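Student: I have a new model open and some questions about how the chain is put together. Can we go through it piece by piece?

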Amino acid sequence: MVEAVRGAGVVVTGAGGGIGAAIARRYAAEGARVVVNDLDGARAAAVADEIGGIAVPGDASEIVSAAQDALGGTVDVYCANAGVAFEDGAQGLSADEKSWATSWDVNVMAHVRAADRLLPAWLERGSGRFVSTVSAAGLLTMIGAPSYSVTKHGAYAFAEWLSLTYRHRGIKVHAICPQGVRTDMLAATGAAGDLVLKPTAVEPSDVADALFKGIDEDRFLILPHPEVAAYYQARAAEPDRWLTGMNHLQQKWEEVR
């Protein structure tokens with residue numbers, strides 16, 4: 001694995017902190033040339049300075065060309081990590097239509113745009129790696145967070161489509177689906193996060209470790225919380241029972257919020 005990463009051109013979006021910064025640090029530690037992207041230029045620069053990477057600030061939907069230029073024209077690994085969540089935990093549909101549109105743009109369409117720009121060169125040479133930071137919400141759902149849950153389902157579906165369409169042509173795709181991770185986004189989830197996510201929350205570095213283990217094992221689905229696999233199976237096998245269980249969580253949340 002280390003030999004394959006050393007010298008590779010890697011882009012990580014949303015890497016000014018949290019999971020993205022942890023993934024950027026891990027790739028840099030393995031000898032990759034890393035572009036650190038974040039909407040906050042100062043945060044991107046701080047992480048890039050720390051790891052010897054290259055800061056390319058800006059909207060994750062629009063930085064592929066700049067990242068390619070920064071890496072001398074070649075991107076070997078693209079980590080679509082940037083994400084947004086707008087629900088404030090006050091009520092189920094607290095996000096307005098503009099926020100829904102932004103969620104679609106960042107959580108789904110940024111991945112589509114990046115793949116569209118990267119795939120021609122990857123297919124021509126027969127290799128490329130696309131890493132999508134999804135969330136367990138993309139496999140299951142998250143109480144109190146409809147726009148996040150729905151768009152993360154979209155991100156997972158797109159990663160799945162990429163994998164089944166191009167794996168025979170050398171394209172590797174990974175979908176990372178953690179539950180709670182100790183980041184600023186978790187801190188903003190309020191009572192819903194306290195109830196569902198914080199009890200089993202892991203560190204961002206644990207997510208990076210899970211990603212590299214999954215890459216070593218050539219796995220599409222990366223589960224930093226292994227128990228999510230059982231939840232996903234239960235959801236598919238007995239959807240009404242699973243929905244009833246989730247509704248019980250919803251009721252507990254309504255009691256404490």
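Student: Which helix is Ala22 found in?
Tutor: Ala22 belongs to helix 2, residues 18-29. Keep in mind that this is a predicted model.

Student: Is Ala22 buried or exposed?
Tutor: Buried. The relative accessible area of Ala22 is 8%, and the cut-off for buried is under 20%, so Ala22 qualifies.

Student: What does Ala22 touch, leaving out residues up to four places away in sequence?
Tutor: Pro204, Ser205 and Ala208. Asp209 is 187 residues from Ala22 in sequence. In space, their C-alpha atoms are 9.1 Å apart.

Student: Zoom out. How many helices and strands are in the chain?
Tutor: Eleven helices and seven strands. The chain has 257 residues, and 47% of them count as buried.

Student: And the contacts between residues at least 6 apart in sequence: what share joins residues at least 24 apart?
Tutor: That share is 67%.

Student: Now the sheet. What order do the strands take?
Tutor: The order is 3-2-1-4-5-6-7. The sheet is open, and its pairing is parallel.

Student: Which strands are at the edges?
Tutor: Strand 3 (54-55) and strand 7 (221-222). Each of these pairs on one side only.

Student: How many bridges hold strand 6 and strand 7 in their pairing?
Tutor: Two bridges, in the parallel sense. Strand 6 covers residues 171-176. Ile176 stands opposite Ile222 in strand 7.

Student: Which strands does helix 5 lie across?
Tutor: Helix 5, residues 97-125, lies across strand 4, strand 5 and strand 6. Relative to strand 5, helix 5 runs at about 160°.

Student: And helix 3?
Tutor: Helix 3 (residues 41-51) lies across strand 2 (33-36) and strand 3. The angle to strand 2 is about 165°.

Student: Switching to Ser132. Where does Ser132 sit?
Tutor: In strand 5. Ser132 is buried, because its relative accessible area is 0%.

Student: Which side chain makes a polar contact with the side chain of Ser132?
Tutor: The side chain of His111, at 3.3 Å.

Student: What else is Ser132 in contact with, leaving aside neighbours within four places in sequence?
Tutor: His111 is on that list too.

Student: On to the rings. How many aromatic pairs are there?
Tutor: The count is five, taking ring centres within 6.5 Å as a pair. One of them is Tyr78 with Phe130, which is stacked. Their centres are 5.8 Å apart, with 25° between the planes.

Student: Which strands does that pair link?
Tutor: Tyr78 is in strand 4 (residues 77-80), and Phe130 is in strand 5 (residues 128-133). The two are 52 residues apart, so the pair links distant parts of the chain.

Student: Are Tyr78 and Phe130 buried or exposed?
Tutor: Both are buried.

Student: Which residues form a ring cluster?
Tutor: Phe158, Trp161 and Tyr166, linked by ring pairs.

Student: Last topic. Which ring does Arg26 lie over?
Tutor: Arg26 lies over the face of Phe212, 4.4 Å from the ring centre. Arg235 has its charged end over the ring of Trp242, at 5.6 Å from the centre.

Notes: Residues numbered from 1 in each chain as written. Predicted model: local features only at pLDDT ≥ 70, side-chain atom pairs only at ≥ 80, totals over all residues. Heavy atoms only, no water. Phe/Tyr/Trp six-rings, centres within 6.5 Å; stacked < 30°, edge-to-face > 60°. Helix = DSSP H or I, 4+ residues; strand = E, 2+ residues; numbered from the N terminus. Buried < 20%, exposed > 50% of the residue type's maximum accessible area, 1.4 Å probe, protein only. Lys NZ or Arg CZ within 6 Å of the ring centre and 35° of its normal. Polar contact = N/O pair within 3.5 Å; in protein donor to acceptor, adjacent residues only side chain to side chain. Contact = heavy atoms within 4.5 Å. Pairing = 2+ DSSP bridges. Axes fitted to C-alpha atoms, helices over the stretch in contact; angles between N-to-C directions.
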